[in-house]
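Reader: Could you walk me through a few local features of this model? I'd enjoy going one question at a time.

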Amino acid sequence: MARSSSRKQSPQPLSQLRIIGGQWRGRKLQFAQVEGLRPTGDRLRETLFNWLQFYLPGAHCLDLFAGSGALGLEALSRGAASVDFIELNPQAARTLKQQLQLLEATDGQVHNCRATDFLSDAGKPYDIVFVDPPFADDLWQESLSALAGQLSQGALIYIETPRNTLLSTPPSWSPIKEKRAGQVCMRLYSNSPTHSAEY
């Protein structure tokens with residue numbers, strides 16, 4: 001039986017994530033439960049931000065498929081100068097804006113749009129970029145191609161994929177870190193062909 005059109009739709013429930021380091025360490029924040037949204041787990045985030053700890057202070061960051069905002073919020077907590085959060089889902093974007101307001105984080109800006117649309121008109125270079133799209137959508141190559149021209153010299157690019165995903169990266173990028181954890185592969189690249197790998 002079809003539901004009455006006059007019945008109000010219940011809002012999607014919210015889940016929680018915990019910031020694990022920096023000025024907001026231990027703060028619990030909410031995020032929208034929407035299809036494909038898969039926050040990077042605490043252990044993976046701890047590994048990633050150990051990799052990034054010396055590069056974050058003062059960095060301009062881009063959280064390209066923000067979702068819960070876990071990566072960008074962690075970056076702000078640990079001293080990033082700014083983070084642009086790109087999120088296509090309106091509810092997820094709205095919830096992320098609310099969390100930034102709760103934190104009084106004026107250096108975080110949420111953009112409710114497609115990642116490639118934002119990159120086509122970003123107009124500024126980024127020092128650190130997080131690329132962690134919904135796994136089912138297979139958006140990695142499209143996103144990496146669109147990043148051309150939006151990176152500072154020596155910028156760091158973090159990419160999270162299913163364990164055995166193959167990537168083709170620009171010739172100016174050097175792989176510097178890689179780790180597999182369960183069914184996830186974490187990769188960190190530098191926008192510098194002379195950067196040495198540290199697997």
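Reader: Is Cys61 buried or exposed?

Author: Happy to start there. First, this is a predicted model, where local features need pLDDT of at least 70, side-chain atom pairs count only at pLDDT 80 or more, and totals for chains, interfaces and linings use all residues. Residues are numbered from 1 along each chain as its sequence is written, and side-chain values use heavy atoms, with hydrogens and water left out. Buried means under 20% relative accessible area, exposed over 50% and partly exposed in between (1.4 Å probe, protein chains only); Cys61 has 0% relative accessibility, so Cys61 counts as buried.

Reader: How many disulfides does the structure hold?

Author: A disulfide here is a pair of cysteine sulfur atoms within 2.5 Å. By that cut-off, the number of disulfides in the structure is zero.

Reader: How are the rings of Phe49 and Phe130 arranged: stacked, edge-to-face or tilted?

Author: Rings of Phe, Tyr and Trp (its six-membered ring) pair if their centres lie within 6.5 Å; planes under 30 degrees apart are stacked, over 60 edge-to-face and the rest tilted. A search of the whole structure finds two such aromatic pairs. In this one, the ring centres of Phe49 and Phe130 are 6.0 Å apart and the planes are at 40 degrees, so the pair is tilted.

Reader: How many residues apart in sequence are the parts that this pair ties together?

Author: Helices (H or I, at least four residues) and strands (E, at least two) are DSSP runs, numbered from the N terminus. Phe49 belongs to helix 1 (residues 42-52) and Phe130 to strand 6 (residues 126-131), so the parts tied together are apart in sequence by 81 residues.
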